[in-house]
Amino acid sequence: MSMSTLRPSRPCVATIPREEIEIMKTAAALALIGSAAAFAPVQQGRVNTAIAGDARSPDGLGVDPGPLDLFDPLGLVEDADSFPRRRAVEIKHGRIAMAAFIGMMVQELGITFPGSLDLAGKVPFSSVLDDGMGFAALAKIPTLGLAQIALFGFLAETVAMPAGEYTGGPQNLPGGYDGSPPFIPGGYPNQIEDVDARDRALNVEIQNGRGAMLGVFGCMCHSMLDSCDHHFFYPITHN
């Protein structure tokens, strides 16, 4: 492969119209409002989340079976009082990142919803990706649509999956929720009750969530590059 094939065909500095910048600012503000509950410290009694697993971790989870082992350079596991909240936040962010990564892959295939984003039919779902993925696509969503996304996030953080509930569900596990009966059931049916199998599944979820968070961040960086044609997975889709 010659060096010329590695040289981007366009400058790597993107020029974003002022209107799109304003929409992006609005989106960021709405996102902060909708997700603020996830980071607000909620005062509650100390929760013992210890289950079978590695004794070096307060809840027995999250220890990498590979070379990283117990990777905790900041010593956060020593703060047992705040650890349940940190674990709940990590699990929640990992779940969101895993769903986001799948969504990014689907978008790369050009699969979108039919119809339009607005009632007037002026903003088809397919047009959102015209100027690229990621933040460029976010700038094409109408302000009312961004408000709906923020409202959904707010309801999820306060009703369906309360940010202050660090453990829950039938087995009171980290990342579990009691729900909001009768509309939102607590926990999933047919939960794993075998201790070893359950702990392995919980660790797999945490590790996959960590990988997804890194993957989503990398995809977001790709989507901002002119040389990547504003795609999430440019090296895969353009080779």
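The second largest cavity is lined by ten residues that the reader can pick out by name: Glu 90, Ile 91, Gly 94, Arg 95, Met 98, Glu 205, Ile 206, Gly 209, Arg 210 and Met 213. This is a predicted model, in which local features need pLDDT of at least 70 and side-chain atom pairs count only at pLDDT 80 or more, while totals for chains, interfaces and linings use all residues. Residues are numbered from 1 along each chain as its sequence is written, and side-chain values use heavy atoms, with hydrogens and water left out.

**Cavities**

- On a 1 Å grid over the protein atoms alone, a cavity is a set of points where a 1.4 Å probe fits but cannot get out, and its lining residues have an atom within 4 Å of a point.
- Volumes here are the space filled by probe spheres set on the points, with grid points joined across faces, edges and corners.
- The structure holds two cavities of 30 Å³ or more.
- By class, the lining of the second largest cavity has four nonpolar, two polar and four charged residues. Here Ala, Val, Leu, Ile, Met, Phe, Trp, Tyr, Cys and Pro count as nonpolar, Asp, Glu, Lys and Arg as charged, and the others, Gly among them, as polar.
- As for the largest cavity, about 60 Å³ of space lies in it.
- Its lining has 10 residues, and Ala 88, Val 89, Lys 92, Ala 163 and Tyr 177 lie nearest the centre of this largest cavity.
- H2 gives the most to the lining of the largest cavity, with four residues.
- That lining of the largest cavity divides into seven nonpolar residues, one polar and two charged.

**An open pocket**

- Unlike a cavity, a pocket is an open set of points, with protein on both sides within 12 Å along at least five of seven lines.
- The second largest pocket comes in at a volume of about 660 Å³.
- It has 23 lining residues, and the closest to its centre are Phe 71, Asp 72, Arg 87, Glu 90 and Arg 210.
- H2 and H5 turn up again, each with at least two residues in the lining of the second largest pocket.
- That pocket lining has 12 nonpolar, four polar and seven charged residues.

**Nonpolar cores**

- A nonpolar core is a set of buried Ala, Val, Leu, Ile, Met, Phe, Trp, Tyr and Cys residues joined through side-chain atoms within 4.5 Å. Buried means under 20% relative accessible area, exposed over 50%, and partly exposed in between (1.4 Å probe, protein chains only).
- The largest nonpolar core has 11 residues, including Ala 97, Met 104, Val 128, Phe 232 and Phe 233.
- Helix H2 (83-108) and helix H5 (195-223) each supply at least two residues of this core, and H5 gives the most, with three.
- Apart from it lies another core, of five residues, among them Leu 61, Leu 173, Leu 202 and Ile 206.

**Helix H5 and its partners**

- H5 has 29 residues and reaches 42 Å from its first C-alpha to its last, close to the 42 Å expected at 1.5 Å a residue. That expected span is 1.5 Å times one less than the number of residues.
- Among the buried residues of H5 are Arg 198, Asp 199, Asn 203, Ala 212 and Ser 223.
- The buried residues of H5 pack against H2, helix H3 (135-138) and strand E2 (173-174).
- Val 216 is in contact (heavy atoms within 4.5 Å) with Ala 97, Ala 100, Phe 101 and Met 104, leaving aside its neighbours within four places in sequence.
- Phe 101 lies in helix H2 and is partly exposed, with a relative accessible area of 25%.
- Not counting residues up to four places away in sequence, Phe 101 touches Gly 215, Val 216, Cys 219 and Phe 233.

**Two loop residues**

- Leu 76 sits in the loop between helix H1 (18-39) and H2, and is partly exposed at a relative accessible area of 33%.
- Beyond residues up to four places away in sequence, Leu 76 touches Phe 83 and Arg 86.
- Asn 172 is in the loop between strand E1 (167-168) and E2.
- The phi of Asn 172 is near 50°, a positive value in a residue other than glycine.
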